[in-house]
Amino acid sequence: MANTRFSISTDPAIQGAIKEHAEAAGMDVSAYMVTAAIAQMAADDAASAVFASLDAENASALAEAAEVSPAPLPALGDLTAEDQHLVLRVMRSALGSEGTGEAGVA
């Protein structure tokens, strides 16, 4: 099979460094770049293989979670006095309100 040519563009400083490294390795730039790309692809494939089962588990968990209906939120009156106080404090903080919104709640 005949080789196919394609070009890449890069900063001149990087191009110079690639040429220097290729020469130091005793290779022409094309062979050096192909060798580097093959090494990177092998590393990517190895990483994908290591994480494939985890990726599948995550995908399954996300699909399962998408099917779960959230529990209904309780009404303020259903909460304990302490929880009501906390909710109101958070709401005041978020809204920047000095008032309590509830008589007798500090």
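Predicted model: local features only at pLDDT ≥ 70, side-chain atom pairs only at ≥ 80, totals over all residues.
View 1. Residues are numbered from 1 along each chain as its sequence is written, and side-chain values use heavy atoms, with hydrogens and water left out.

**View 2. An α-α-α run from the N terminus on.** The chain has 3 helices and 0 strands (DSSP runs: H or I, at least four residues; E, at least two). Its radius of gyration over C-alpha atoms is 30 Å, well over the 13 Å from the globule rule (2.2 Å times the number of residues to the power 0.38), so the chain is more spread out than a compact globule. The C-alpha trace spans about 85 × 35 × 20 Å along its principal axes.

**View 3. The largest pocket, about 630 Å³ in volume.** A pocket here is an open set of points on a 1 Å grid where a 1.4 Å probe fits, with protein on both sides within 12 Å along at least five of seven lines; lining residues have an atom within 4 Å of a point. The volume is the space filled by probe spheres set on the points. Of the 17 lining residues, Phe6, Val29, Ser30, Met33 and Val34 lie nearest the centre. Helices α1 (12-24) and α2 (29-66) each give two or more residues to the lining, and α2 gives the most, with 7.
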